[in-house]
Amino acid sequence: MNVSPEFWTMERARVMWTEYDVRRLLRVLRKPQRLESMPLARALCDATEIADPYKAVLSMIDRTFADRGYHAQRLRELIWRSDVDASGTQQVVAYEMHLSARQFFRYRSDAIKALAATINRLFETRNSVRDPIEALAELTSESDPEAALAIYDLSGGSSRSTLSRIDAALGAGKIPANPTFAVADGSEALISLARIAQAYAWDAQPQRAEALTDKVRSLLFSRVVPDRSHIEFELSRVEYIRARQANNAYRMTAIAERLQLIAADDPTLQTRSLLAVAEARLRSGQFNEANNLCQQIAELSWRGRDVRAFGAMTLLLAQLVFASGDTGNALTLAQAARFSLHRVPDHEYSSETVVNRLRLAAGMKPTPGFTSGEGTTYQEVSRRGIEARFAINAAELRRAEDLAQSQLHVSEQLGFDGLTAWAKATLGSAALQSNEDERQALSVEAWSGLLACGDYVLARDAFLAPSAKPVDLGPLRYGRDFEFAVGEGLAQLFPSTPLAVPDVRKHFGKLAGSIAFALVNGDAPSSDAAIDAIAAKLAEARVTSSVFRRHQRSIIPTLGFFIAALLPFEARAHFQTRFEQDLGEAFVRIFRALPPGPAEKGQI
């Protein structure tokens, strides 16, 4: 059965009551004659079968905020004080509720949006007789999108549930070929188009994703539509997906925090935003924060019986457990999550990929049927890299090299920066590269690329041998290669700092290398010459002590973090603490050798 039509025709959204209508209604709530003349008040009386418009409005307030948690009760209290009792000015209400002026208006805006949404749902339910086939399809969509699509197909294509139908299609891994723009003038249609843009991004079609995103933004800018925050959320998700595909933990964190702000207290968006923030924290190596977020997600998804969200949280928890050194329990959690998400396209949560990454780290064979194919999506290219590592373990070296070369080629073309570095790490392994100089060059490029991405999880996995015990500092030996990797990686990561100066980053590489290898091996050249050279070069470039000090807070922990990622788990914490301490002392010596900034003259 063909359940993916050539194109979708979205229905024109009906006229909806806007937030402006709700504000007008509340302004006349205590003026009976004017209230009775309001179109929305009369419509509410008809819909609720309550003759008194004042009581009909109160019933909508109760329906909107009842049993919705503490924040909803605060919103109800604000509306009640401001509009129902109307016993004081907005300033008085804000004071009595212990809110700043900014908080008051934000709370009021949230309350108005919630009321408008409840009113529109009321009319949608009252004005439509649900087709039982469509209702069944919508209920089935969450657990089995393929089956939901087949049920929708039985309805003859007459569904009014545009968003639900497209969600089912996207959940089944099918992208509508030609989404119609001309009729996308309702919030439901714009949300659907934004989700199609996400699907394009997952499907390695960045140009289409960008074009569709621009179109939605244009429509959003030119029209007054409800649920603007929901549409903005879905558009920001497209950016998050692109950052995730680049393994750029810094951008992932910034966008995830934006998603969390947009989601505010909307339960339908809150869990999705928390999943993004938790994943970004995990990628950045902030394990305690990621673990706390997983607990919040577990509580929300358990209360809402959201199997997909709980499965995604379990997958993140598996990676946290693995980061703590417990591969066995991590694999059990990942396999459980994989079973619960087996009907969800793997691009969203990567359950199959995570399970096999853990099996690789444990020295096991891949799951039956695990293969990357010839596709160019992020997940397929990621699997190709893991498949190459399994091939090395099985002594299939020619196949491993072909897979790694394919991964490198596609990743470079599509901007998968982290996977590009992974492929170089694979090609630079001793098993595939007999030329020592070439091996070192590839390893250096891989490590500096991973440092620039900031993805701790990928950096750890890229250089982790099946035995989980890398030699020395991963594949890097002390010398110019390691120095170059440190300097180039930091230059990419902090392009506007003094370390971007070529001579400075060269000597900084020597400084970091001598400290790191002294801690690991107890034998490395003195760092004195590198410290003196850095101070001299910075002085030549007229860099003051205040400028230098401004950047050290971000440079020191970042570098310590990524060098520690190359060590066995039990050695990381101690190494990172000592490395940051020793590098900080070296920075103090450099700082004292530089001329003071204007604000510091006379203070040193």
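The protein has 30 helices and zero strands. This is a predicted model. Of its 604 residues, 53% count as buried. Among contacts with a separation of 6 or more, 64% join residues 24 or more positions apart.

**Confidence**

Mean pLDDT for the protein is 80, and 83% of the residues reach 70 or more. Among the elements, helix α22 (residues 397-414) has the highest mean pLDDT, 93. Helix α19 (residues 346-349) has the lowest, 62. Two stretches call for caution. Over residues 1-15 the pLDDT is below 50, yet the model gives this stretch 40 contacts beyond near neighbours in sequence. Over residues 181-185 the pLDDT also stays under 50, with 17 contacts beyond four places in sequence. Where pLDDT is low, predicted coordinates should not be read in detail.

**Nonpolar cores**

In soluble globular proteins, nonpolar side chains tend to be buried together. Here the largest nonpolar core has 50 residues. Those with the most contacts inside it are F508, L511, L559, F579, L583 and I590. Helix α29 (residues 545-564) supplies the largest share of this core, eight residues.

What does F579 touch, leaving aside its neighbours within four places in sequence? Its contacts are A512, I515, A516, L519, L559, G560 and I563.

A second, separate core has 37 residues, including L35, A56, V93 and F104.

**Aromatic rings and charges**

The whole structure holds seven aromatic pairs. One of them joins F104 and F105. The two rings lie 5.3 Å apart, centre to centre, with 90 degrees between their planes, an edge-to-face pair. Are these two residues buried or partly exposed? F104 counts as buried because its relative accessibility is 1%, under the 20% cut-off. F105 counts as partly exposed because its relative accessibility is 46%, between the 20% and 50% cut-offs.

Charged ends also sit over rings. The charged end of R76 lies over the ring of W80, 4.4 Å from the ring centre. The charged end of R389 lies over the ring of W422, also with 4.4 Å to the ring centre.

Helix α3 (residues 39-48) is mostly covered, with seven of its ten residues buried. The buried residues are L40, A41, A43, L44, C45, A47 and T48. An α-helix has 3.6 residues a turn, so residues three or four places apart point the same way. Just after α3, E49 takes a positive phi of about 60 degrees.

K31 is in the loop between α1 (19-27) and α2 (32-36). K31 counts as partly exposed because its relative accessibility is 42%, between the 20% and 50% cut-offs. The C-alpha atoms of K31 and Y54 are 9.3 Å apart, for residues 23 places apart along the chain.

**Cysteines**

How many disulfides does the model contain? The count comes to zero. A disulfide is a covalent bond between the sulfur atoms of two cysteines. C45 is buried, at 14% relative accessible area. C294 is buried too, at 2% relative accessibility.

The accessibilities of the residues discussed are set out here.

| Residue | Relative accessibility | Class |
|---|---|---|
| F104 | 1% | buried |
| C294 | 2% | buried |
| C45 | 14% | buried |
| K31 | 42% | partly exposed |
| F105 | 46% | partly exposed |

Key. Residues numbered from 1 in each chain as written. Heavy atoms only, no water. Phe/Tyr/Trp six-rings, centres within 6.5 Å; stacked < 30°, edge-to-face > 60°. Buried < 20%, exposed > 50% of the residue type's maximum accessible area, 1.4 Å probe, protein only. Lys NZ or Arg CZ within 6 Å of the ring centre and 35° of its normal. Core = buried A, V, L, I, M, F, W, Y, C linked by side-chain atoms within 4.5 Å. Helix = DSSP H or I, 4+ residues; strand = E, 2+ residues; numbered from the N terminus. Contact = heavy atoms within 4.5 Å. pLDDT = per-residue confidence, 0-100. Disulfide = S-S within 2.5 Å.
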